[in-house]
Amino acid sequence: MILLVHLTPVGAQAQSDETITFDEAVTIALDQNTDLQRAINDVQRQDATIRQRQFDFGPNLNLSTSTTRQFGRSFSQEEGAIVNQTTDIFRVNANSSITVFDGFNNIASLREANRQGEASELNLERTRQDVVFTVMEQYIALSQSKQEVEVRRGEVEFQEQQLEQIQEFVDAGARPTSDLFQAEADLAQAEQQLLQAQREVEVNNTRLIQTLQLDPFGTYTFEAPDVDPAALEMREYAISEMLDNAFDRRVDLRAQEANVRASEAGVRIAQSNYWPSLSVNMGYGSNWSSTVGALPGNTDPSFFDVLDSRRGGNIGFSLSFPIFDRLQRRTQTAQARANVREAEYALQDRRQTVALQVRQAILDYRNAQKQLEAAESRLESARRLRNAAQERYNLGSASIVELSQATRDFTDAASAKVQAEFDVAFQQKRIAYQMGTLSPDAPLAE
């Protein structure tokens, strides 16, 4: 009984069915997707680098203390002779330095960090779009597979009715027994296709669970709206105008442009080594020694009296001018310029990729529209052919083979129409994704 009490809540929790809408799935993905978390982590790392570059303009401050015991022979300033004694020494110092000029290295470094931070934020935005598009694609695939199940289930019901009718014909002697065997085989095939469609639903469910990083032991129902008939209406897209908009809106393209500017700042960082550097150093401190005797006006000085009497500071300037560094500056500058060229090449490749993706998305959308028109026409023709074959079979002028073929053609046409409808809806979303305008707030069925 104790074991049942402890196990029952676990079993009930494992069997709980959680319903997740598309908007909820997008929210979950934006919170839990690991690719998005990596992009957020990269933004935070770049922010830390920017703060570090900003503080490079300010001074540093160090406080140090040390305690030393000296023993053996040493020169005593108090006695003016070599003595053999043990001396305890305590030192405390504070020092600071600030770079006045370093060949504009700090300015270029901050500019490089800002550009890299800008690129990481833009990459984060593109990663969000990637996550939303992936969830949207998988939801559309799930909805399509569910519609496919309905089509296959309708075929099974039709084949069951057909089998009952043929059974009556065979019992009445109007049809041969072979027609009954054919009807049974058609029903078995329809049931097998229904099982395959149901399996595809489970596969798409599993993919969504993985994308959303959900508990694999949970049971989930993903709700997606049906395709809006208005979304199936033909839309015209001008490729030249779409390309211009994509070049302006694609955040990954702008991120690559930021990488180019960061590489250019890297050249200025390398060139800063040709300039002299100037810095200001300041320090202040004191020390205490156990061998200190009387001080002027104080025959028995305390620890703090000694520190006060010996305190002092310094200030200085440091100027460094590079003369010869075994061609390291030239090598670093050449490498930085090569990085700029690589970034520019990557930008050109990205522009070509964006142009290809937009063109391909528009062409695929137009092809999907044509496929939908053909699927609708095919379905209507297949429906008439099946009805005609059914009537002829009932009148005895058509064979069971002709009726079976007409039924399969109708089912395939219905399945093709479902696929074409969802393909049109998906290609519209794909155009928005390739244009860089896909928003997490956009409804799935729009």
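This is a predicted model: local features need pLDDT of at least 70, side-chain atom pairs count only at pLDDT 80 or more; totals for chains, interfaces and linings use all residues.

I call a residue buried under 20% relative accessible area, exposed over 50%, and partly exposed in between (1.4 Å probe, protein chains only). Residues are numbered from 1 along each chain as its sequence is written, and side-chain values use heavy atoms, with hydrogens and water left out.

Salt bridges came up next. I count one when a side-chain nitrogen of Lys or Arg is within 4 Å of a carboxyl oxygen of Asp or Glu. The structure has 20 of them.

I looked up glutamate 380 and found it bridged to arginine 383, with the closest N and O atoms 3.1 Å apart. They sit three residues apart in helix H9, so about one helical turn separates them. (Helices are DSSP runs of H or I, at least four residues, and strands are runs of E, at least two, numbered from the N terminus.) Arginine 383 is partly exposed at 31%, and glutamate 380 is partly exposed at 37%.

Then I checked arginine 392, which bridges to glutamate 402 at 2.1 Å between the closest N and O atoms. Arginine 392 is in helix H9 and glutamate 402 in helix H10, so this pair ties together parts ten residues apart in sequence.

Arginine 126 and aspartate 130 meet at 3.8 Å, N to O. Which of the two is buried? Arginine 126 is, at 7%; aspartate 130 is partly exposed at 28%.
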